[in-house]
Amino acid sequence: MAPIGTLTGPMGNPRNNKVRIVAQFLGIELNTTPDFVMNVDNKKEEYIAKFPTGKVPAFEGANDFRLVDSSAIAYYVASQAGSNSPLLGQTAEETAEILQYMFFAEADFMPALA
């Protein structure tokens with residue numbers, strides 16, 4: 001399977017790792033940027049042209065589809081596994097529970113890891 005896009009950001013970044021874990025769990029390939037330097041590469045004109053907020057990580061997929069925010073990127077990557085993805089939920093209630101824990105982790109754990 002070909003990569004679905006490029007995840008841009010430093011490889012050791014916890015938010016970058018969150019997206020990579022989702023992709024690996026689901027067998028989805030992503031291109032990465034192992035030489036990315038935080039606060040250097042995301043300040044460059046070409047980066048800002050693609051991602052005006054300068055946030056990291058960032059994702060660029062087919063047809064110039066772009067996202068920033070690791071939770072949004074992780075959710076999008078999970079959706080690429082199809083409607084039976086175990087990380088999306090099969091009902092509105094399951095999806096809400098998944099999002100609940102994703103937002104909980106983002107608010108309560110990520111600050112300690114960053």
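Which element supplies the largest share of the lining of the largest pocket? I found that H4 does, with five residues; helices here are DSSP runs (H or I, at least four residues) and strands likewise (E, at least two), numbered from the N terminus.

I noted that this is a predicted model, in which local features need pLDDT of at least 70, side-chain atom pairs count only at pLDDT 80 or more, and totals for chains, interfaces and linings use all residues. Residues are numbered from 1 along each chain as its sequence is written, and side-chain values use heavy atoms, with hydrogens and water left out.

I read a pocket as an open set of points on a 1 Å grid over the protein atoms alone, where a 1.4 Å probe fits, with protein on both sides within 12 Å along at least five of seven lines, and lining residues as those with an atom within 4 Å of a point. The largest pocket has 14 lining residues, with Lys18, Val22, Ala74, Leu87 and Met102 nearest its centre.

For the second largest pocket I listed a lining that includes Phe36, Tyr47 and Phe51, and H2 gives the largest share, three residues.

I then looked up the rings, which pair if their centres lie within 6.5 Å (planes under 30 degrees apart are stacked, over 60 edge-to-face, the rest tilted). Ring pairs join Phe36, Tyr47 and Phe51 in a cluster. Both Phe36 and Tyr47 are buried, which I took as under 20% relative accessible area, with exposed over 50% and partly exposed in between (1.4 Å probe, protein chains only).

Key: Rings of Phe, Tyr and Trp (its six-membered ring) pair if their centres lie within 6.5 Å; planes under 30 degrees apart count as stacked, over 60 as edge-to-face and the rest as tilted.
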